[in-house]
2 protein chains.
Amino acid sequence: MKLAATTVRDANLTQLELAGLDAEVNVADGHARQELSAGQQRIIDHLPELFTRAASRPVAELQRAAHAAFFEVFGQHDRPRQPDQVLSCYSSSVAMEILARSLVREVDTVALLHPTFDNIPDILTGVGLRLLPLEEDVLGGGDLDRAIPPTVGCVFATTPNNPTGRVLPQRRLRELADLCLARDLVLALDTSFRGFDVRAHYDHYAVLEASRCRYVVIEDTGKLWPTLDLKVGLLVSSGNVGLPLGLVYSDLLLGVSPLILVMVERFALDAANGGLDELHDHIRRNRELLRETLTGVPAVTFPDADSRVSVERLECQGWTGSEIWEVLRARNVHVLPGRQFYWADHARGERFFRVALARPHRTVAAAARELRQILSS
Amino acid sequence: MKLAATTVRDANLTQLELAGLDAEVNVADGHARQELSAGQQRIIDHLPELFTRAASRPVAELQRAAHAAFFEVFGQHDRPRQPDQVLSCYSSSVAMEILARSLVREVDTVALLHPTFDNIPDILTGVGLRLLPLEEDVLGGGDLDRAIPPTVGCVFATTPNNPTGRVLPQRRLRELADLCLARDLVLALDTSFRGFDVRAHYDHYAVLEASRCRYVVIEDTGKLWPTLDLKVGLLVSSGNVGLPLGLVYSDLLLGVSPLILVMVERFALDAANGGLDELHDHIRRNRELLRETLTGVPAVTFPDADSRVSVERLECQGWTGSEIWEVLRARNVHVLPGRQFYWADHARGERFFRVALARPHRTVAAAARELRQILSS
């Protein structure tokens with residue numbers, strides 16, 4: 001597919017993902033493209049029966065079952081139970097769009113985690129919001145009260161973060177929630193990569209509900225399971241959030257497919273039944289494969305030693321990430337450059353690039369071999 | 001499910017559809033909820049194989065095949081062939097959101113068909129566009145040049161229209177396109193209900209391309225086939241449209257599910273192979289059923305005698321549509337009131353309500369019986 005933007009430096013990350021969609025070795029996008037496990041294949045084998053089931057049950061019931069299975073496997077027990085507080089969207093980006101369109105009616109400026117995937121700042125600014133970068137180190141351990149000026153109406157964080165894998169720990173989430181309550185800020189979290197890291201499986205909703213702050217959480221089933229992008233983004237909010245989320249939602253959709261709800265339930269139950277361990281194992285092995293193949297190549301290091309998410313950030317010396325993107329693309333291998341993740345300071349991202357790990361082992365192995373060859377020369 | 005807005009008069013149509021989603025007799029929303037035909041059931045029976053196929057083919061190829069099958073069965077031969085001119089979205093409303101967000105960067109005011117389904121004006125105004133109503137009679141045969149003031153940057157029409165079923169004829173589309181070219185307006189069409197009416201199967205793209213005007217068309221697979229809302233909205237545009245559609249698209253999605261693309265292809269091929277006639281027959285029989293059951297009830301008439309779309313507008317005397325909605329809801333029967341379709345003049349819509357026809361015959365029969373009982377009393 002043609003790349004819409006002129007160069008790798010002008011394109012946004014999704015445009016670069018699109019350029020690599022059908023590539024021989026696509027380790028660009030963060031979608032789940034590993035092979036189905038045996039348990040998952042059994043679910044797919046029963047799609048006709050699941051279709052019949054989905055067509056015959058009330059949507060409210062399918063929704064409750066999907067939400068329960070999904071939240072429980074990731075430890076999110078104290079989530080809101082009112083249907084209008086858990087809105088099922090086509091994707092996490094559609095949930096993000098609904099949040100942004102709701103937020104801009106009440107808020108001028110958002111303090112947004114830096115770096116993070118660029119469609120988050122693009123959606124927020126696209127509807128007219130102003131952004132202030134909130135550095136990952138500051139979010140992790142700095143003086144939040146000082147870092148967030150009074151003009152800010154919402155704090156937005158991705159946890160685990162994409163691309164760094166950094167998790168907001170429970171104690172820090174509590175501090176952040178308390179600050180948001182004290183200053184009447186909306187606390188917004190994108191937890192799309194939570195499934196990959198058990199350190200992010202503490203009950204976020206217990207913390208958020210206890211704080212009584214106004215909050216929104218975007219959950220995502222789309223990064224985890226190779227369901228060919230049949231997925232749901234969940235837009236979860238506190239009872240006191242004070243944003244017209246339900247109204248904007250109703251402008252965009254009546255609901256997601258009942259079949260997708262049934263699939264989410266079944267894949268979540270499979271995850272609870274051993275599938276999640278298999279997934280963690282798969283990602284861990286792909287991460288090791290990548291790191292081991294590149295051992296002894298001085299031009300590249302792995303800055304996120306502790307990351308468990310399904311993407312890996314690499315730091316390079318003597319190359320920019322954009323250059324690596326270009327050279328790999330000429331070999332029909334697609335990664336993402338780091339530049340665009342640093343939405344407030346592109347130059348700082350130039351020494352990074354990102355490799356997706358939710359792939360068959362052979363795909364990651366092929367990408368690692370090509371990288372080794374290029375970076376060793 | 002709880003109705004988010006306070007009353008039937010304050011709610012938007014989608015909120016009212018949500019209230020009726022799991023009702024005993026739901027003839028509210030316009031989604032396809034009839035039973036699968038035998039040919040369609042055979043496609044569903046093969047979902048596991050289609051999943052495998054979708055996982056193993058390049059997305060660009062699946063997309064081309066889905067688009068070709070869909071456009072061809074509805075006579076749209078001269079559509080654009082560049083991939084970035086036919087964007088596959090999660091739904092027609094998501095395509096609409098992308099159009100609105102792109103349009104607002106270039107245009108202040110949109111002349112929008114009146115009446116039409118209210119999420120179109122809500123999405124347009126939701127991103128900051130101003131609206132001017134363009135009456136259906138004026139669009140059909142009035143002085144367009146006079147009706148569209150110089151402040152307008154885009155003309156938006158739904159054809160066939162929802163809820164009236166009115167089709168923009170070929171000659172009139174040509175006049176409209178010529179006017180848009182002469183005044184450098186963007187011509188936007190929503191053709192989501194085209195599939196139901198062969199009078200809307202003339203090649204719109206032949207007209208639009210010949211005119212050389214800047215155009216956008218929103219196509220929809222979601223109203224036709226009972227695929228449990230596994231569907232695609234297509235955002236089609238002229239090469240000269242001059243709007244950042246691809247960029248805004250990339251903020252919201254990388255692409256739709258490959259499995260849905262394969263399903264669209266198969267359902268479209270089934271339609272070409274006799275399925276479309278079956279569908280037209282099914283809707284025609286449901287329309288007759290509704291009209292015949294209400295024959296001799298003086299409180300109700302059918303203003304859109306010639307309509308072939310999958311929704312039917314009813315006009316009532318002695319009742320408002322909102323009152324009928326209330327009385328029916330108490331009996332667990334859900335329709336849509338007419339008020340909200342008349343987005344620029346709610347009062348004018350009060351004498352109407354809408355009944356969905358893409359349902360099993362028994363559902364329409366049950367709704368018709370209840371209506372007869374209420375309106376005869």
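How many aromatic pairs does the count come to over all chains? The count comes to 19 aromatic pairs. Keep in mind as you go that this is a predicted model.

**Stop 1: an aromatic pair in chain A**

Select A:F117 and A:F341 and show their side chains. These two rings form an aromatic pair of the edge-to-face kind, with 5.6 Å from centre to centre and 75° between the planes. Now colour the surrounding elements. A:F117 sits in the loop between β3 (109-114) and α6 (119-126) of chain A, while A:F341 sits in the loop between β12 (336-337) and α14 (346-349) of chain A, so the pair ties together parts that are 224 residues apart in sequence.

**Stop 2: backbone details**

Stay in the loop between β3 and α6 of chain A, where you will also find A:P115. The peptide bond joining A:H114 to A:P115 is cis, with omega at about 0°. Most peptide bonds are trans, and most residues other than glycine have a negative phi.

For another cis bond, move to chain B and select B:N162 and B:P163, where omega is near 25°. B:P163 belongs to the loop between β5 (152-158) and α9 (170-183) of chain B.

Then go back to chain A and pick A:R212, a residue other than glycine whose phi is positive, near 65°. You will find A:R212 in the loop between α10 (204-211) and β7 (214-220) of chain A.

**Stop 3: helix α2 of chain B and its partners**

Select residues 38-45 of chain B for helix α2, and residues 258-293 of chain B for helix α12; their axes come within 10 Å and cross at roughly 155°. With an angle over 145°, the two helices therefore count as roughly antiparallel to each other. The crossing of α2(B) past α12(B) is right-handed. To see the contact itself, show B:G39, B:Q40, B:I43 and B:I44 from α2(B), which meet B:M263, B:R266, B:F267 and B:D270 from α12(B). By class, this contact of α2(B) with α12(B) holds four nonpolar, two polar and two charged residues.

The axes of α2(B) and α3(B) come within 5 Å and cross at roughly 60°, which makes α2(B) oblique to α3(B). Here B:I43, B:I44 and B:D45 of α2(B) meet B:L47, B:P48, B:E49 and B:L50 of α3(B). The contact of α2(B) with α3(B) has five nonpolar, no polar and two charged residues.

**Stop 4: α4 against α12 in chain B**

Keep α12(B) on screen and select helix α4 (residues 59-73) of chain B. The axes of α4(B) and α12(B) are 8 Å apart, and the helices pack at an angle of about 25°. That angle makes α4(B) roughly parallel to α12(B), and their crossing is left-handed. Among the residues of α4(B) in this contact are B:L62, B:A66, B:F70 and B:V73, and α12(B) contributes residues including B:L261, B:E265, B:L269 and B:L276. The residues of the contact divide into 16 nonpolar, one polar and one charged.

**Stop 5: the two copies together**

Finally, zoom out to show both chains.

Terms used
Residues numbered from 1 in each chain as written. Chains lettered and ligands numbered in written order. Predicted model: local features only at pLDDT ≥ 70, side-chain atom pairs only at ≥ 80, totals over all residues. Heavy atoms only, no water. Axes fitted to C-alpha atoms, helices over the stretch in contact; angles between N-to-C directions. Helix = DSSP H or I, 4+ residues; strand = E, 2+ residues; numbered from the N terminus. Parallel < 35°, antiparallel > 145°, perpendicular 65-115°, else oblique. Left-handed = near helix turned anticlockwise from the far one by under 90°. Contact = heavy atoms within 4.5 Å. Nonpolar A, V, L, I, M, F, W, Y, C, P; charged D, E, K, R; others polar. Phe/Tyr/Trp six-rings, centres within 6.5 Å; stacked < 30°, edge-to-face > 60°.
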